[in-house]
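Have a look at the model, then work through them step by step.

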Amino acid sequence: MSELRLRRAARAIVLDDDERILLVRFEFPDRSVWATPGGGIEEGESDEVALRRELAEEAGLDDFDLGPLVWNRTHVVPFESGLWDGQIERYYLLRTSAFEPTPRLSWEQLRAERMTAIRWWELVELETTDARFAPRRLPALVRELVRHGPPPEPLDVGV
């Protein structure tokens with residue numbers, strides 16, 4: 001068997017002063033998934049540089065201090081493009097004041113990347129909706145992060 005081609009990615013757990021989390025929705029042919037903003041790390045980029053680019057593109061967020069690495073996730077699902085067999089994601093905590101997400105990319109560009117929405121979620125909404133999240137345990141993971149702060153070592157959050 002050949003080695004898996006896994007893309008490196010960085011994501012941000014963007015929490016505002018009211019403990020709301022900023023999530024983006026991705027539409028795939030067979031499902032919709034809400035996830036944290038972020039994406040693939042381009043050649044020569046650090047996690048922080050990639051996150052600054054992605055957060056500007058997806059949310060219009062530029063002015064922030066990046067917090068600690070809190071979660072890791074390896075997701076093996078072949079990309080439609082055929083270029084990748086999955087993704088290795090690193091999740092960083094980012095605290096910010098509330099803002100109105102205003103993507104820098106056009107909605108046409110974002111839809112080309114399968115992103116169709118961006119919005120703030122309250123914790124109770126996460127825990128009571130039937131929406132699908134990535135990672136799947138996102139509501140419980142966010143609850144733990146809000147209650148206890150960043151873990152001493154990054155957690156493997158699974159699929």
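**Exercise 1.** Is Glu27 buried, partly exposed or exposed?

Solution. This is a predicted model, so take the accessibility as computed from it. Glu27 has a relative accessibility of 26%. Buried would need under 20% and exposed over 50%, so Glu27 counts as partly exposed. Now find its partner: Glu27 makes a salt bridge with Arg25, at 2.9 Å from N to O. Arg25, at 25%, is partly exposed too.

**Exercise 2.** Find the salt-bridge partner of Asp30 and say how open each side chain is.

Solution. Start with the contact: Asp30 pairs with Arg31, and the N to O distance is 2.7 Å. Next, check accessibility. Asp30 comes out at 62%, which puts it in the exposed class. Arg31 has 25% and is partly exposed.

**Exercise 3.** Which parts of the chain does the salt bridge between Asp47 and Arg90 tie together?

Solution. First the distance: the closest N and O atoms of Asp47 and Arg90 are 2.6 Å apart. Then place the two residues. Asp47 belongs to helix α1 (residues 47-59) and Arg90 to strand β6 (residues 86-95), so the bridge joins parts 43 residues apart in sequence.

**Exercise 4.** Which residues are linked with Arg53 in a network of salt bridges?

Solution. Follow the links around Arg53: the network also takes in Glu42, Glu45, Glu54 and Glu57. For the overall tally, the count of salt bridges is 16.

How values were computed:
Residues numbered from 1 in each chain as written. Predicted model: local features only at pLDDT ≥ 70, side-chain atom pairs only at ≥ 80, totals over all residues. Heavy atoms only, no water. Salt bridge = Lys/Arg side-chain N within 4 Å of Asp/Glu carboxyl O. Buried < 20%, exposed > 50% of the residue type's maximum accessible area, 1.4 Å probe, protein only. Helix = DSSP H or I, 4+ residues; strand = E, 2+ residues; numbered from the N terminus.
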